[in-house]
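Good morning, and thank you for coming. May I ask you to look at the chain on the screen while I go through some of its elements?

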Amino acid sequence: MSSNLSLKLTAFEGPLDLLMHLIERDKIDIYDIPIVSITEQYIAYLRSMSEFDMEVASEFLVMAATLLQIKSRMLLPKEELAEGEEEEADPRQQLVEMLVEYRRIKRAAVELTLLKQDADRFWQRPPMFANYVERTIAQYSPQDLLLALASMTNNEGRPAAYIEPQAFSVQEKMTEILHKLQSSPQGFILSDLLQSGQRGETVAAFLGVLELLKMSMITISQAQAFAPIYIFAKQGDTHESR
């Protein structure tokens with residue numbers, strides 16, 4: 001029945017897959033294919049089907065015709081070459097290149113499948129601040145804030161290695177930010193908070209912003225790329241320091 005052919009042929013992804021099966025089964029050197037033997041085995045496999053479903057088998061029949069053509073070229077006696085003439089290319093060369101490339105892709109597909117199976121065993125936690133930015137057009141990560149901090153604290157005149165005593169409290173800066181939001185319900189620009197002139201105070205203020213974001217007491221917003229970043233009080237929050 002034609003269904004038998006469909007079942008047997010669909011076990012292979014195509015004629016190259018069937019050829020690779022025959023080559024690997026008989027442990028044949030892919031670079032030195034015995035074209036007569038492999039052609040006979042390939043055609044015998046197709047003839048073992050009781051009926052041909054042409055829609056399924058057409059590409060397999062095209063490969064059979066290609067193998068027969070290569071076989072006939074291999075069986076022809078070789079003509080003696082005149083001096084300076086190059087020897088004719090091996091008729092199997094194109095087939096070998098196709099099989100080598102097919103084998104490479106198939107092995108890569110297997111490796112990708114295994115990598116996906118490994119990846120499916122892990123769960124990635126969403127970004128820490130994903131739900132805190134409520135009034136932004138686009139979400140901004142802590143890395144974006146760090147880049148903004150770096151651009152505002154860049155001082156070429158200061159030595160690269162610079163250490164100063166910690167003279168500012170993050171808790172005090174958190175309280176200051178909440179008090180500032182009480183007097184400015186419309187919010188204020190992050191850069192205004194960080195431009196204190198003293199690195200320790202700037203760092204303490206920035207850490208205070210991050211801590212308040214973590215506690216869901218404030219939100220940040222930016223209208224578009226490179227626009228000022230605004231700080232707003234969390235809607236419904238009491239603005240009391242914890």
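This is a predicted model: local features need pLDDT of at least 70, side-chain atom pairs count only at pLDDT 80 or more; totals for chains, interfaces and linings use all residues.

In helix α2, the buried residues are Pro15, Leu16, Asp17, Leu18, Leu19, Met20, Leu22 and Ile23. Buried here means under 20% relative accessible area, exposed means over 50%, and partly exposed lies in between, with a 1.4 Å probe and protein chains only as cover. Helix α2 spans residues 15-25, and because 8 of its 11 residues are buried, it is largely enclosed by the rest of the structure. Just after α2, Lys27 adopts a positive phi of about 55 degrees.

Residues are numbered from 1 along each chain as its sequence is written, and side-chain values use heavy atoms, with hydrogens and water left out.

Let me turn to the chain as a whole. It holds 9 helices and 3 strands; these are DSSP runs numbered from the N terminus, helices being H or I of at least four residues and strands E of at least two. From the N terminus, the order is α-α-α-α-α-α-α-β-α-α-β-β. Of the 242 residues, 34% are buried. Taking a contact as heavy atoms within 4.5 Å, residues 24 or more positions apart account for 67% of the contacts with a separation of 6 or more.

Next, the strands. Strand β2, residues 218-221, is covered on both faces: Ile218 and Ile220 are buried on one side, Thr219 and Ser221 on the other. In a regular strand, side chains alternate between the two faces of the sheet. β2 pairs with strand β3, residues 230-233, in the antiparallel sense over 4 bridges; pairing requires that DSSP find at least two bridges. Thr219 has Phe232 of β3 as its bridge partner.

How do the rings of Tyr230 and Phe232 lie, stacked or edge-to-face? Rings of Phe, Tyr and Trp (its six-membered ring) pair if their centres lie within 6.5 Å; planes under 30 degrees apart are stacked, over 60 edge-to-face, and the rest tilted. The count is 1 aromatic pair. Tyr230 and Phe232 are stacked, 6.2 Å centre to centre with 25 degrees between the planes. Tyr230 is partly exposed, because its relative accessibility is 34%, whereas Phe232 is buried at 12%.

Finally, the charged end of Lys180 sits over the ring of Phe188, 5.0 Å from its centre. The rule asks for NZ of Lys or CZ of Arg within 6 Å of the ring centre and within 35 degrees of the ring normal.
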